Amino acid sequence: MLPILVVVPLLAAAVLALLLRNNPEPVKYIALLASLASLAIVAYITVYNPSATASFDWFNLGSYQFIVSVSTASTYQLLLLIIVAIITPLIFLYSIGFMDVPSEQPRYYFEMCVFAASMMLFAMSTSLITLLIAWEMLGITSYLLIGFWYDREHAPTAARKAITTIIIGDVALLLAVVILATAQGGFQYPVAGAGTGVLFLAGILMLIAAFTKSAQFPFHEWLSDAMEGPTPVSAFLHSSTMVKAGVFLVILMLPLFNTTYLLYLILVVGMASVIIGVTNALVSRHIKKILAYSTIEDLGLMLIPLAFGQVYAALALFFVQAFYKALLFMSAGSIIKANKGEEDIFKIFNTGQSKVVFITALIGTLSIAGFFPLSGFFGKYAVGSAVSSNVAVYAILVLAELGTSVYIFRWLFLPMRKNPQHEIGAGANSVPLTMIIPAIVLAVLVLFAAIVFALPHSGVLDALVLQSTNTTEALVVNAVAAAGLIIAYLVYVKGNRFYLSMNNSHIFAALNNNAITNGIYLAICSMFLHVGKIMGMLDSDFDYTTYRLSYNIINSGKLAKPLINGQTNNYVIGFVIGVLVLAAAVLYVVI
Amino acid sequence: MPDIGYAIVALMSLLVFSSIGGVFHRKKTIQLAASSLILVALAAVSACALYLQDSYSVLGALLINPFSMLFVLLFSFTLLLINLLSYDRSSDYPSFSLLFSFVVVGALVVAMANSIVTIVLGIELTVLPTAFMIIINGKNFVEPAVKLFIMSAVSVSMLVFAVILIYPYDPALSLMGYIANPGIAGSYLVMLSLLLFIAGISFDAALFPFNMWIPDVYQGAPANITALLSGVNKKVAFVAMLEILFVLLLHLSPIFSVMIQALAVITMFFGNIVALVQNEVKRLFAYSSISQAGYIAIGIAAASQLGVESSMFYLFAHAFMIIGAFAIILWLESNNVRSIQEYRGLASRNRWAALCLTVFMLSLIGIPPFIGFIGKFLLFSSAISANLVWLAAIGVINSIISVYYYAKVIISMYSGIEKTPLKMGTSIGIVVIICLIAVVAIGLYPGPLISAVSTASNTLIAM
């Protein structure tokens with residue numbers, strides 16, 4: 001029963017949040033306490049009982065047993081659980097400062113608690129049924145959270161866009177689960193998948209589900225729009241929950257993808273997402289959207305080693321990304337808060353004044369850029385060395401890392417510009433302590449999380465291993481990061497005028513407005529539009545047909561009505577006719 | 001522990017005697033309390049026996065085994081709900097209560113029957129008092145009562161004729177005779193007897209074309225009797241069908257399975273299509289109830305263990321859904337709300353009632369997470385596993401058709417705003433809430449009920 005206890009405090013807090021609708025003051029503290037309780041239970045499980053399981057017979061149908069079961073026996077799953085459990089209290093603490101409108105709090109904490117609980121359930125699930133339940137809960141709560149400020153202009157649209165994409169994945173996952181259950185005769189995870197026949201189809205559907213959740217090409221559009229949600233939601237969604245579920249699904253179902261075509265598909269999608277993420281992040285002006293595109297890139301980077309079967313490399317990045325991405329989003333949130341909601345990095349100035357915010361943001365950027373010995377370096381290095389056998393992929397990765405370094409320092413340097421005319425207002429002092437502390441904790445984690453790679457491999461640490469040590473590749477990562485830093489410094493700090501003049505150049509125009517990617521979207525969209533037109537033509541025929549059909553069905557009801565005319569003798573006649581027909585049928589068979 | 005079996009018999013007699021007493025002292029409340037208490041005791045005893053999985057015979061005529069106990073539980077529980085519903089509705093509750101006690105005995109006898117004659121007697125004992133229960137409500141109710149009486153006379157004559165035909169082959173008239181003597185399978189007379197059984201039971205089970213009386217009687221009778229007819233009498237017929245036919249379907253000619261398939265298909269289409277044009281909600285539910293009988297027949301036609309399990313499950317599911325729905329219809333009827341137009345704005349008058357009725361209808365359509373979904377899921381998968389994919393497909397098509405008329409009611413309830421609020425009586429409220437809990441809870445966690453019906457079906461097959 002131990003693993004199921006993990007989600008109990010959060011669900012209880014969710015219920016309490018609903019009950020305290022009219023008295024929202026204690027809700028935030030209840031949520032924080034609940035998340036700490038979950039963390040304590042996870043810590044207990046990790047230390048004392050790492051292979052705890054709990055299973056619950058839902059119902060049995062013939063040979064199919066619908067079992068809801070959770071377990072922390074797998075080190076991967078325990079690792080994800082630990083990541084979620086650590087991030088959750090930090091996010092909740094940060095939310096205390098960020099979500100300062102009391103009337104919004106009960107709804108916010110209800111949705112957040114369910115969101116966190118469903119991610120934990122996802123992390124622990126060991127049957128396809130549990131997986132499906134957790135997956136759906138994640139989808140619905142993320143929809144609610146993205147559209148949290150439903151009275152704002154863009155939030156409902158963004159939420160709709162997200163749920164549309166996510167439902168594509170839900171349907172794909174449901175179909176994949178049905179196929180798998182039929183093929184295996186049960187709802188356990190596939191252990192050895194022959195990539196043929198229906199299992200190949202199940203693999204493709206599984207991947208579609210993973211790509212929608214992880215915002216991978218071509219389903220990545222919803223993630224940047226999802227920035228309409230509150231910043232703590234973004235920090236949570238991008239670091240440990242939701243988008244990570246997609247990549248983790250690929251890790252869980254890896255035996256199913258053990259065919260050349262599917263691995264190739266993972267590789268291509270991962271690469272495409274990396275390129276899309278980097279190019280868009282380079283030109284976006286929105287302080288959170290840059291990070292969103294960066295997440296798309298990170299997740300692509302996690303998929304690429306999986307295509308080479310290098311789970312450990314993916315897990316290394318998976319682990320470190322959670323911390324630096326949460327930290328970056330928290331910094332972004334603090335900067336937005338200090339600038340009274342301004343989100344355009346060209347209109348934000350003087351962020352360097354708040355030393356704590358600046359230093360934590362700096363640690364985050366250094367980590368994502370890949371400087372040794374911050375934890376981000378180890379993730380980048382693991383991914384790089386996993387694919388270094390393939391020169392083409394490696395070259396693209398190096399370029400992408402250069403791009404990463406450039407855009408992340410652009411993200412840091414532009415809001416730092418000094419502008420005496422620009423009043424930062426309450427600025428630095430208006431960021432509450434509850435938003436500073438989690439950032440500091442995360443900064444410490446980002447600085448020192450890499451220690452786990454050096455610890456002896458036992459228990460959950462089995463999942464965190466650096467497969468090789470290659471000094472050249474390590475140097476490449478650092479050199480690329482440094483080059484990016486220098487370019488960003490020259491362009492965005494020193495070369496302000498140069499940069500502004502470049503604004504009108506052709507190179508920038510190519511990158512700006514995501515011309516290339518937008519072209520691709522447009523092509524895809526117009527393709528769908530053309531399909532839609534053809535469907536539309538068919539549809540009008542179809543409409544007419546269904547209309548006629550339903551009209552006829554309803555009319556046939558009218559025809560049958562006189563049969564029941566209130567005359568009992570007719571009913572007896574009907575009865576007798578029925579008996580005669582049955583008798584005739586028997587006679588026909590017997591003779 | 002044979003005592004439990006005797007306890008059921010004792011409670012049944014106690015119920016009848018207390019009702020006879022009730023006719024003389026005419027204290028409504030005491031009578032309600034007494035009969036409800038006895039029904040609760042019956043439910044508790046049968047649940048206990050079901051838990052113990054006892055299997056023996058009482059008085060040489062009644063079988064105590066998981067199958068019979070499961071249905072004693074269902075019948076005593078649903079009859080308890082109908083008893084509660086009828087308290088406010090009946091003008092002459094003590095007389096109602098006396099007739100009602102006969103129905104209880106009949107239903108329980110069918111559930112526990114070990115011979116064909118007992119089954120026929122039990123069916124008769126449930127149907128005839130129902131006709132009188134309609135008529136005691138006044139002159140306006142003569143017509144439906146007489147219709148029910150005449151049709152039941154026709155059906156029981158069929159049943160008795162069937163019993164006579166089988167007598168030379170199986171003087172004990174036990175259900176085992178058929179299996180013990182497989183040589184009789186090919187005999188014309190036995191075949192004839194079986195099809196008369198099908199016809200006679202189909203009258204009560206509402207299978208087309210033996211069901212034409214249903215819309216008139218359902219609509220004409222007070223809604224609590226309609227709930228009784230649809231929630232209990234129909235279930236009794238299906239239990240009889242399971243007892244008599246299922247054993248035979250496995251051992252005799254496949255023609256009977258084909259026959260039931262045909263009846264299922266025609267019944268589903270008839271019920272659903274005619275319901276499309278109904279304007280009065282009670283009549284609409286009468287037709288919907290007919291189509292639901294078609295769904296239950298799918299499981300019997302599948303002639304497999306899964307088929308029986310799913311039919312039994314759906315009997316439970318349908319009982320709760322339809323009694324809940326008729327409880328609300330009954331309450332609205334007493335407030336002169338009858339047609340779909342008059343249901344307009346119900347959500348603004350009493351939003352909980354509208355919500356509950358919506359849940360019952362969604363469950364009848366077969367939408368998760370309600371009990372109806374699990375029931376239909378089981379039924380259709382039993383058809384598929386018996387290689388009757390076309391039958392499952394027709395079932396799905398019919399579910400889609402049924403969305404139209406259920407949605408009509410739902411849309412009507414949630415559109416428009418009516419000022420005058422409607423208040424629901426306590427006893428009806430209790431029934432609705434119990435049904436709602438059953439519909440939602442079993443829908444979310446069907447495990448225990450599924451394992452219970454699977455144990456029960458094992459007994460039936462072992463018979």
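A residue counts as buried if 20 or more other C-beta atoms lie within 10 Å of its own, as exposed if 12 or fewer do, and as partly exposed in between; the C-beta atoms are placed from the backbone. This is a predicted model, in which local features need pLDDT of at least 70 and side-chain atom pairs count only at pLDDT 80 or more, while totals for chains, interfaces and linings use all residues. Residues are numbered from 1 along each chain as its sequence is written, and chains are lettered from A and ligands numbered from 1 in the order in which they are written.

**Exercise 1. Describe how α11(B) passes α12(B).**

Begin with the general rule. Two packed helices are described by the angle between their axes and the distance between the axes. Axes are lines fitted to C-alpha atoms, for helices over the stretch in contact, and angles run from 0 to 180 degrees between N-to-C directions.

The axes of α11(B) and α12(B) (residues 281–302) come within 7 Å and cross at roughly 160°. That makes α11(B) roughly antiparallel to α12(B). Angles over 145 degrees count as roughly antiparallel, under 35 as roughly parallel, 65 to 115 as roughly perpendicular and the rest as oblique. The crossing of α11(B) and α12(B) is left-handed; that is, the near helix is turned anticlockwise from the far one by less than a right angle.

Next, list the partners. Residues in contact have C-beta atoms, placed from the backbone, within 7 Å. Among them are B:S257 and B:I260 of α11(B), and B:L284 and B:Y287 of α12(B). By class, this contact has 16 nonpolar, 8 polar and no charged residues. Ala, Val, Leu, Ile, Met, Phe, Trp, Tyr, Cys and Pro count as nonpolar, Asp, Glu, Lys and Arg as charged, and the others, Gly among them, as polar.

**Exercise 2. Check the span and burial of α15(B).**

The expected span is 1.5 Å times one less than the number of residues. For the 15 residues of α15(B) (residues 351–365), this gives 21 Å, and the end C-alpha atoms are 21 Å apart, which agrees. Of its 15 residues, 11 are buried. B:F360 and B:L364 are among them. Just after α15(B), B:G366 takes a positive phi of about 105°.

**Exercise 3. Characterise the side of chain B that touches chain A.**

Chain B gives 32 residues to the contact, and chain A gives 30. Helices that each supply at least two residues of this side of chain B include α6 (142–166) and α8 (188–205). The residues of the side divide into 27 nonpolar, 3 polar and 2 charged.

Terms used:
Two residues are in contact if their C-beta atoms, placed from the backbone, lie within 7 Å. Helices (H or I, at least four residues) and strands (E, at least two) are DSSP runs, numbered from the N terminus.
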